[in-house]
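This report describes selected local features of one structure. The sequence and the model are shown first, and the description follows.

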Amino acid sequence: MKNLLLSAVAVLSLTFFSCSRDNDENTSNDAANINPENFQGTLKAGQSATLDASLVYKLTGSFVVEGGATLTIPAGTRIEAVGGTSSYIAVAQDGLIYVNGTSTNPVVMTSGSASPSTGNWGGLVICGRAYTNKGGSNGESATSEVGDLAYGGDDNTDSSGVIRYLRVEYTGAAFNADKEFNGVSLFGVGSGTVFEYVQAYQSGDDGIEFFGGAVNAKYLVALHSEDDAIDFADGFTGSLENVYIKDVAKAGVEGSNNGDNGYATPTTDVVLKNFSIVKGTLNGDEHGMYLKEGAGHWTCENIYIDGFTKGLKIKDAATDPAANANIDNDNITFNPIYFGATITTNSEYAGTNTTYLTTGSNTGAGNSAGTPSWATGWTEGL
């Protein structure tokens, strides 16, 4: 990873302060300056940095917040990525990020292209120490599929900071056909992290994806996702509440336990509450919600799905026995769920459990298929 590039122009600089973890030592006030026109590098342990909302930061490569470092981004800050696949922001284990946007002045991470489009840059990656079943069941760690950072552990209360009122746009740059960035990727992020009022807009892959972890996320918007809008897997045990999804190429929500072993532990165990899932203008090939690779345990309340031909997708019991067994055994419930007029098949599940879902007339994220009131002011494209 390249070191931070120094600038002699003070008015265009971001200031870092090195500080000791030992309270008995004097805090160093040695400052290093970085040129916002060439924003990349590594914020190292013991350093903190606060961006300047009056400047536009050109993300020319990767910017990594290492363990023991803190990055603070004030309301109204704009970061424009111009480095393609190499442009992304990553927070390593024990690193902290504070995104302090507001409903009228969000933080925006976007493309710096004159004609922005999906896949222009990487996105935001956050790695924590909460459980994942990707490397084992006893707190083992794994390596993030993008950024090659360690994640996972045995601390479900781990904190990676506070993220509020953040809009991430035109992400999804691809390394190859099988490896792409999402809008925001959360790897083993713990419940001590605040993750609220976040939009993924025009993502070339998934909008927001949770790889294990236990974060409780609220007020999420995924608009125009060229894969799945919301994806969780690998033993995710958090909750997702108040989520608005529109314009989906594959599934509105894709939920897995583990792609290598549908019975892996710790088991994905998620609460989904107040969702509006609207297919919109994209194909929606994998339908409203896709229960796959063991699926895990889902407790779902007030789910609204419209525009697709199928509400719930699941492979047959011979192909995905673990996912079907979870419905058989009442580990997956929808109470209530609404299926719109376009949906001809409510669910592909063909087992014996006839009570796992209750249909109703739902408000979803707050306004059925319409934009919820909490999404106004800080989002794009609604």
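## Surroundings of Ser203

Beyond its neighbours within four places in sequence, Ser203 makes contact with Thr118, Thr171, Asn182, Gly183, His224, Ser225 and Glu226. The model is a predicted one, and Ser203 belongs to strand 18, which spans residues 194-203.

Ser203 is classed as buried because its relative accessibility is 0%, and the cut-off for that class is under 20% relative accessible area. A polar atom of the Ser203 side chain lies 3.3 Å from the backbone nitrogen of Asp205.

Strand 17 covers residues 184-187. Val184 and Leu186 point to one side of strand 17, while Ser185 and Phe187 point the other way. All four of these residues, Val184, Ser185, Leu186 and Phe187, are buried. In a regular strand, side chains alternate between the two faces of the sheet.

Strand 17 runs parallel to strand 11 (residues 124-127), and four bridges join the two. Strand 17 also pairs with strand 19 (residues 208-211), again in the parallel sense and over four bridges. Val184 takes part in both pairings: Leu124 stands opposite Val184, and Ile208 in strand 19 is the bridge partner of Val184.

## Cysteines

How many disulfides does the structure hold? The number is zero.

Cys127 counts as buried because its relative accessible area is 0%. Cys300 is likewise buried, with a relative accessible area of 2%.

Technical notes. Residues numbered from 1 in each chain as written. Predicted model: local features only at pLDDT ≥ 70, side-chain atom pairs only at ≥ 80, totals over all residues. Heavy atoms only, no water. Buried < 20%, exposed > 50% of the residue type's maximum accessible area, 1.4 Å probe, protein only. Polar contact = N/O pair within 3.5 Å; in protein donor to acceptor, adjacent residues only side chain to side chain. Contact = heavy atoms within 4.5 Å. Pairing = 2+ DSSP bridges. Disulfide = S-S within 2.5 Å.
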